[in-house]
Amino acid sequence: MWQPSPGIEGQTRHDIVIVKVHESHDPRFAWVYGHGPDCSWFTADCAVPWCFEVLVSVDVLAATVAGQRP
């Protein structure tokens, strides 16, 4: 589960190459910063530090790190 902003659930699937993760105001979620797979290629000319900034459930992040499919 992800949210584009607090309290609004995301409606589509996105693959994100994570650049940075940090805590949010809600301990159930963490802010995830990243790029889409096409932007993270070494040949891509992305001038911003990240293209996505979303809140992601810490349970989903933990499952992903553990190698499980959330």
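**Ground rules.** I number residues from 1 along each chain as its sequence is written. The model being predicted, local features need pLDDT of at least 70 and side-chain atom pairs count only at pLDDT 80 or more, while totals for chains, interfaces and linings use all residues, and side-chain values use heavy atoms, without hydrogens and water.

**Sheet.** I looked up the strand order (strands are DSSP runs of E, at least two residues; helices are runs of H or I, at least four; both are numbered from the N terminus). I found an open sheet of 4 strands, β1-β4-β3-β2, with antiparallel pairing (two strands pair if DSSP finds at least two bridges between them). At the edges are β1 (2-3) and β2 (17-23), each pairing on one side only. I then took β3 (residues 29-35) with β4 (residues 52-57): 6 antiparallel bridges join them.

**Helix.** I checked α1 (residues 58-65), which lies across β2, β3 and β4 and runs at about 90° to β4 (axes are lines fitted to C-alpha atoms, for helices over the stretch in contact, with angles from 0 to 180 degrees between N-to-C directions; contact means heavy atoms within 4.5 Å).

**Core.** I listed the largest nonpolar core as Ala30, Val32, Val54, Val56 and Leu61 (buried Ala, Val, Leu, Ile, Met, Phe, Trp, Tyr and Cys joined through side-chain atoms within 4.5 Å). Both β3 and β4 give two or more residues to this core. Beyond four places in sequence, Ala30 has contacts including Val21, Val54 and Leu61.

**Ser57.** I placed Ser57 in β4, where Ser57 is the bridge partner of Phe29. Ser57 counts as buried because its relative accessibility is 10% (buried is under 20% relative accessible area, exposed over 50%, partly exposed in between, with a 1.4 Å probe and protein chains only). Neighbours within four places aside, Ser57 contacts Met1, Arg28 and Phe29.
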